[in-house]
Amino acid sequence: MNYTSTRDNSVKVTAAQAIAAGISPDGGLYVPESIPEYSYDELCNAAKMDYRDRAVDVLGKYLTDFTKEELQECVNGAYTGKFGSTDVAPVVDIAENRFVLELWHGPTCAFKDMALQLLPHLLTRSVKKTCEGKEIVILVATSGDTGKAALEGFKDVPGTKIIVFYPVEGVSSIQKMQMVTQEGENVGVCAIKGNFDDAQTGVKKIFTNPEIASVLAEHNMAFSSANSINWGRLAPQIVYYISAYADLMNKGVIKNKGDKINVVVPTGNFGNILAAYYAKKMGLPINKLICASNANNVLTDFIRTGVYDRNRNFYTTMSPTMDILKSSNLERLIYDLSGCDSARVKGWMESLAATGRYEVDDDVKAKINELFWAGCCDDAATQATVKNVFVSQNYLSDTHTAVALNVYEQYAEKFGSEIPTVIASTASPYKFAPAVLGAVAPEKVTEDEFEMLENLNRVSGVETPAPLATLKGKAVRFDRVCTSDTMRETVLDMLGID
């Protein structure tokens, strides 16, 4: 299978080339030329497998220049001994026809581990296949979870360096502590004055700057990405939706061929729900893809109207990983829904860059309305949902999962709740302890982040994840702050290049 660019579909590269590069030189995102099928018989076989074998099975359809043995090595290296659940991504019943897909049992307690424990294995093999001998520099913009997951995944991986930028006021205390105390000789972390969109835009500019690429080449280095703009980040996310359906087959929830489910995803950069879209296109029987946003509801408005407009107020919320107004992976969706019309997509992206706005054509709008439903909720509704679900269903969710739970309630009220629904849970509630504790036991909120972890454990009975509990007392290694205008110089300085 070859890959092409969303902005120039004359581009043809292999999966390894797409993963090693991260982003196309024209600024577009790499996408597969076709979406492979996953049949009902294959779903039945997947139901008999564990998560690792399911991952090898699904990834083998996309990463065709990797042998099955290579994929098995990558998958085993990613998912063996690093996840707190033997199921890797367990499906938990919380109410009739409602199931939570817990994606946060990895080493950083967020769904990003599902891909970012695997990406270093895929990337290092991709580099050997395509540009042997070069040191790969991973540049990451993060709204909180991707940064730590990428740092942990690439920590001390030979032949790589990783630099992470995060918004100085836009992550939780725990998320910041996870990053600034990161161990490893090849890692670097820098805060940026601004929000996630500023960090993401800055990283993309550096990626596509030929002058910087030339400087790196002189030092035998090349850029790649660990953000979900990298196909090696996105492909592993497809796996867990197929895995969740297989688990529902095993639970007896799915009884007949073609039985459908809904999928609800809290999303900011659109990668996680895009993976569900690709799973649906492969043949997974998904009825509706439900996109859940917080107060930064640019995606809700887009799905409802076909107009993408980031010229609006930006809100810092209690679900910070979704505090995004420029959703990069949406470009892959509109490319696919436009009939792979790279010229139209390029025009829309140029309009977005120039005016902060674009509007898709009527044919694309119609397809979006058929496939997706969208809703949003503010912080007050998010916190109320955390409390209500804990009290009524004895399930403790983080704030991002609560957004998804709230939006699903909105959907169920309009359309009913008879169809089994999988709700993606993207982070441990302990990553956002002040907000979660403030919902279920506000009298226990204190100034001490680690005391709140202990209080949340006492109130909920849910075990505190070891990776978070052990942060207490760790030394801060990174306290650098830059602006979007000085990111280029910061990167070169952190790489030791004059």
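I start with a pair of helices: α12, residues 271-282, packs against α14, residues 330-337, at an angle of about 30 degrees, and their axes are 10 Å apart. Angles under 35 degrees count as roughly parallel, so α12 is roughly parallel to α14. Keep in mind that this is a predicted model.

Which residues make the contact? From α12 they are Leu274, Tyr277, Tyr278 and Lys281; from α14 they are Arg332, Leu333, Asp336 and Leu337. Sorted by class, that gives five nonpolar residues, three charged and no polar ones.

Aspartate 336 and lysine 281 form a salt bridge through their side chains, 2.6 Å from N to O. The partners sit 55 residues apart in the chain, one in α14 and the other in α12. Aspartate 336 is buried, because its relative accessible area is 13%, while lysine 281, at 41%, is partly exposed.

Next, the core. The largest nonpolar core has 116 residues, and those touching the most other members include Tyr278 and Tyr241. Helix α11, residues 231-251, supplies the largest share of this core, 13 residues. Apart from it lies another core of 27 residues, including Phe165 and Phe196.

Back to salt bridges, of which there are 24 in total. Lysine 431 and aspartate 145 form one, at 2.7 Å from N to O. They are 286 residues apart: lysine 431 is in the loop between β15 and α19, and aspartate 145 is in helix α7. Are these two buried or exposed? Both lysine 431 and aspartate 145 are buried.

Note on methods. Residues are numbered from 1 along each chain as its sequence is written. This is a predicted model: local features need pLDDT of at least 70, side-chain atom pairs count only at pLDDT 80 or more; totals for chains, interfaces and linings use all residues. Side-chain values use heavy atoms; hydrogens and water are left out. Axes are lines fitted to C-alpha atoms, for helices over the stretch in contact, and angles run from 0 to 180 degrees between N-to-C directions. Helices (H or I, at least four residues) and strands (E, at least two) are DSSP runs, numbered from the N terminus. Angles under 35 degrees count as roughly parallel, over 145 as roughly antiparallel, 65 to 115 as roughly perpendicular and the rest as oblique. Contact means heavy atoms within 4.5 Å. Ala, Val, Leu, Ile, Met, Phe, Trp, Tyr, Cys and Pro count as nonpolar, Asp, Glu, Lys and Arg as charged, and the others, Gly among them, as polar. A nonpolar core is a set of buried Ala, Val, Leu, Ile, Met, Phe, Trp, Tyr and Cys residues joined through side-chain atoms within 4.5 Å. Buried means under 20% relative accessible area, exposed over 50%, partly exposed in between (1.4 Å probe, protein chains only). A salt bridge is a side-chain nitrogen of Lys or Arg within 4 Å of a carboxyl oxygen of Asp or Glu.
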